[in-house]
Amino acid sequence: MKEKDLVLLLSQDSSYLIEVTSGKLNTKDGIFELDKLKKKKFGDKIKTHLGKEFVIVKPNLKDILERKIKRMPQIIMPKDISMILAYTTVSQGSLVVDAGTGSAFLAIFLANYVKPGKVVTYEKNKRFAKVARENIKASGLSKFIKLKEKDITKGIDEKNVDLITLDLKNAEKVIKHAYKALKAGGYLVVYSPYIEQVISVLKRIQKFNFCEIKTLENIVREWQFEKYTRPKTLGIMHTGFLTFARKVG
């Protein structure tokens, strides 16, 4: 391992995302001697002073997003992002426009799929933009994401866009700009927490030459298998509505 490499220490019931450095790391599972990591490679094992064993794993994007990314406003959850990817089939090399950026969670996730394509993300809130820049840098995907501190309701600079995602108030004000920016066959996806927002967006979408218009809600329910088998009492159920539309031309 090299100094400052990011690694995931993984056991059956614990995990730690850390940078390879010197010194010690105190955890509930014991103390890690971090200098030992420099002589290790992915797949090797390391023990704490209490004898608990961990395997050294290369962290994936999910590991980084869950542990290293700062969250400001409410993020679009992975369950909803997966629907965006599935229903638009955005792919490598695509050009994506995203707004508002917030913590850049969606922009980072999309960039990981479209690289070596590009995600251009718009955020007018300076405080959110500052955090987003830090998160984009931490993700390791900086060269695939461009952050613009601009109000997207004033217009979209990009043309021939494959996918536009909107997660902001008054998203209906962006529909006209989105239609002009999209290529024929490109997709528009609007995330709306409330049905009233969906109605406003749909009314606007119907004024343009879009097809395959649909609004979906994605409910994910985790089950527990401890003692009795049943759905977990607590969980993330409704997060928001996703409205999809495809530009005809």
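Arg133 is partly exposed in this predicted model, at 41% relative accessibility. Its side chain meets that of Glu149 in a salt bridge, with N to O at 3.2 Å. The pair links distant parts of the chain, 16 residues apart. Arg133 belongs to helix 4 (residues 126-139). Glu149 sits in the loop between strand 9 (145-148) and strand 10 (161-166). Glu149 is also partly exposed, with a relative accessible area of 39%.

**Salt bridges**

The model holds 21 salt bridges.

| Pair | N to O distance | Separation in sequence |
|---|---|---|
| Lys148 and Glu158 | 2.5 Å | 10 residues |

Take Lys148 and Glu158. Their side chains meet in a salt bridge. Lys148 lies in strand 9, and Glu158 lies in the loop between strand 9 and strand 10, so the bridge ties together parts that are 10 residues apart in sequence. Are these two residues buried or exposed? Both Lys148 and Glu158 are buried.

Asp162 counts as partly exposed because its relative accessibility is 22%, and buried would mean under 20%. Lys183 is partly exposed as well, at 30%.

Salt bridges also join into a network. Its members are Asp13, Lys28, Asp29 and Lys52.

**Helix 2 against helix 3**

Two packed helices are described by the angle between their axes and the distance between the axes. Here the helices are helix 2 (residues 78-88) and helix 3 (residues 105-114). Their axes come within 11 Å and cross at roughly 45°. That angle makes helix 2 oblique to helix 3. The crossing is right-handed.

Which residues make the contact between helix 2 and helix 3? Helix 2 supplies Pro78, Ile81, Ile84 and Leu85. Helix 3 supplies Phe105, Leu106, Phe109, Leu110 and Tyr113. By class, this contact has 9 nonpolar residues, with no polar and no charged ones.

The spacing along a helix follows a simple rule. An α-helix has 3.6 residues a turn, so residues three or four places apart point the same way.

**What surrounds helix 2**

The buried residues of helix 2 are Lys79, Asp80, Ile81, Met83, Ile84, Leu85 and Thr88. Ile81, Ile84 and Leu85 are buried, and these residues also meet helix 3. The cover over the buried residues of helix 2 includes helix 3. It also includes strand 10, strand 11, strand 12 (210-217) and strand 15 (241-247). Just after helix 2, Thr89 takes a positive phi of about 45°.

**Leu61 in helix 1**

Leu61 is placed in helix 1 (residues 61-67). Leu61 is buried because its relative accessible area is 13%, and the cut-off is under 20%. What does Leu61 touch, leaving aside its neighbours within four places in sequence? The contacts are Ile108, Phe109, Asn112 and Leu141. Phe109 belongs to helix 3 and also takes part in the contact with helix 2. Leu61 and Arg221 are 160 residues apart along the chain. Their C-alpha atoms are separated by 23 Å.

Note on methods
Residues are numbered from 1 along each chain as its sequence is written. This is a predicted model: local features need pLDDT of at least 70, side-chain atom pairs count only at pLDDT 80 or more; totals for chains, interfaces and linings use all residues. Side-chain values use heavy atoms; hydrogens and water are left out. A salt bridge is a side-chain nitrogen of Lys or Arg within 4 Å of a carboxyl oxygen of Asp or Glu. Helices (H or I, at least four residues) and strands (E, at least two) are DSSP runs, numbered from the N terminus. Buried means under 20% relative accessible area, exposed over 50%, partly exposed in between (1.4 Å probe, protein chains only). Axes are lines fitted to C-alpha atoms, for helices over the stretch in contact, and angles run from 0 to 180 degrees between N-to-C directions. Angles under 35 degrees count as roughly parallel, over 145 as roughly antiparallel, 65 to 115 as roughly perpendicular and the rest as oblique. A crossing is left-handed if the near helix is turned anticlockwise from the far one by less than a right angle, and right-handed if clockwise. Contact means heavy atoms within 4.5 Å. Ala, Val, Leu, Ile, Met, Phe, Trp, Tyr, Cys and Pro count as nonpolar, Asp, Glu, Lys and Arg as charged, and the others, Gly among them, as polar.
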